[in-house]
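Hello,

Here is the structure you asked about. Have a look, then read my notes below.

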Amino acid sequence: MKVFSTFVVFINFTIVFINTDNPDSDWMQYIKDDQSLDKINIPGTHDSGTAKVDYPTFSKTQCLSIKSQLTKGIRYLDIRIKLDNDDDDILINHDVARCFIPKTDLGLKLKFVFENCIDFLKDHPTEVVIIHLKIENSETPLETMKNKISTYIEENSSYFVITNTSFPTLDPNAKYVWIYNPSLNECLIINNKVKNETQEKPIKPLIKPCSNLVTHVWYIDSLPKGYFRSYVNPNKCMYLEDITSGKLKVDTCDINKNVVFEYTDDGLIKSPLSPNEYLSKGDREETSGNATNGYLNPCIGSEKQVWQLWDIQPNTLFEAKTQNVWVYKPEL
């Protein structure tokens with residue numbers, strides 16, 4: 001599960017949750033996982049918790065609940081907080097105006113906002129929610145507030161990574177790779193047509209000798225996305241075009257189970273739609289016209305179905321030139 005969290009700068013806290021059939025609910029899945037958050041235009045709301053609030057004529061800035069905002073595509077929440085001395089809990093407020101859970105008379109608490117975000121991310125694990133916390137109209141010491149917030153975070157620690165140095169990316173494990181088969185000494189590649197945004201027909205992924213061409217490089221999104229994207233055109237993904245034959249294609253990325261693949265610990269590449277078939281060279285009928293095409297084929301217990309992910313072009317290690325030399329020391 002992908003998650004990110006907290007920048008702390010004096011009074012302000014920035015909390016980033018990471019984790020995807022509403023296009024607005026899942027729009028971040030189309031962004032490369034190595035993209036830094038500060039390079040993305042993030043839609044946000046001002047005083048996000050004021051859908052129901054005291055003195056609405058002066059204080060209300062939103063008409064949707066936190067949950068509805070997230071569903072509509074909002075990914076930045078502006079949350080103003082203060083400590084409720086009566087029950088020792090953190091409340092959402094807008095200056096002197098107290099915020100409430102919409103359609104109820106229950107005060108809106110920070111833990112409710114966290115719960116809304118976590119529930120949303122469980123259902124939409126490719127998304128990110130950034131929460132900016134500001135202490136407002138409160139005389140509570142900063143350290144007291146920080147400790148209280150830390151308690152909330154610790155209760156859901158798997159959803160948080162703490163950082164105060166740089167903006168995180170959508171997924172720190174994302175990488176550009178050559179998909180290399182040592183047994184074949186070849187790579188999974190695409191031809192130059194992948195550079196075109198429009199194409200008359202799907203492109204076939206090929207298994208051929210590796211090179212430094214950008215069309216030979218892939219960008220792999222970690223699960224649950226599981227997208228195998230073209231490095232030179234990240235809008236193009238590998239698909240399982242036909243489950244019966246195991247035929248693969250490269251086409252425009254879309255919300256589609258056929259576009260999800262898994263690279264296993266054993267070096268196998270498979271689709272959840274066909275879990276017992278693995279990336280191989282050529283089709284299962286050994287058709288000559290498909291001899292270099294990538295297909296998903298039944299397991300044959302062969303190294304020819306085992307793949308490695310390289311962050312350099314594999315053959316650069318094997319093509320080094322060697323020569324015999326004499327090492328001479330004159331005084332001897």
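The largest nonpolar core has 27 residues. A nonpolar core here is a set of buried Ala, Val, Leu, Ile, Met, Phe, Trp, Tyr and Cys residues joined through side-chain atoms within 4.5 Å. Buried means under 20% relative accessible area, exposed over 50%, and partly exposed in between, with a 1.4 Å probe and protein chains only. Leu77, Ile79, Ile81, Leu110 and Ile131 have the most contacts inside this core. At least two residues each come from helix H2 (66-71), E4, strand E5 (89-94), helix H3 (110-123), strand E7 (128-135) and H4. H3 gives the most, with six residues. Apart from this core lies another, of 19 residues, including Ile179, Ile207, Phe228 and Ile269. In soluble globular proteins, nonpolar side chains tend to be buried together.

This is a predicted model: local features need pLDDT of at least 70, side-chain atom pairs count only at pLDDT 80 or more, and totals for chains, interfaces and linings use all residues. Residues are numbered from 1 along each chain as its sequence is written, and side-chain values use heavy atoms, with hydrogens and water left out. Helices (H or I, at least four residues) and strands (E, at least two) are DSSP runs, numbered from the N terminus.

Ile79 touches Ile66, Ile92, Leu110 and Ile131, among others. Contact means heavy atoms within 4.5 Å, and neighbours up to four places away in sequence are not counted for Ile79.

Now Arg80, in strand E4 (residues 76-84). Is Arg80 buried or exposed? Arg80 is buried, at 11% relative accessible area. Its side chain makes a polar contact of 2.6 Å with that of Glu136. Such a contact is a pair of N or O atoms within 3.5 Å; within protein, one must be able to donate a hydrogen and the other to accept it, and residues adjacent in sequence count only if both atoms are side-chain atoms. Beyond four places in sequence, Arg80 also contacts His46, Asp47 and Lys134, among others.

Next, H4 (residues 142-155). This helix has 14 residues. Met145, Ile149, Tyr152 and Ile153 are buried in H4. They lie on the same side of H4, because they cover an arc of only 100° around the axis, taken from the directions from the helix axis to the C-beta atoms. The face turned away from the buried side carries exposed Glu154 and Glu155.

Last, Pro298 lies in strand E18 (residues 294-298). Pro298 is partly exposed, at 37% relative accessibility.

Best wishes

Key
Expected span 1.5 Å × (residues − 1).
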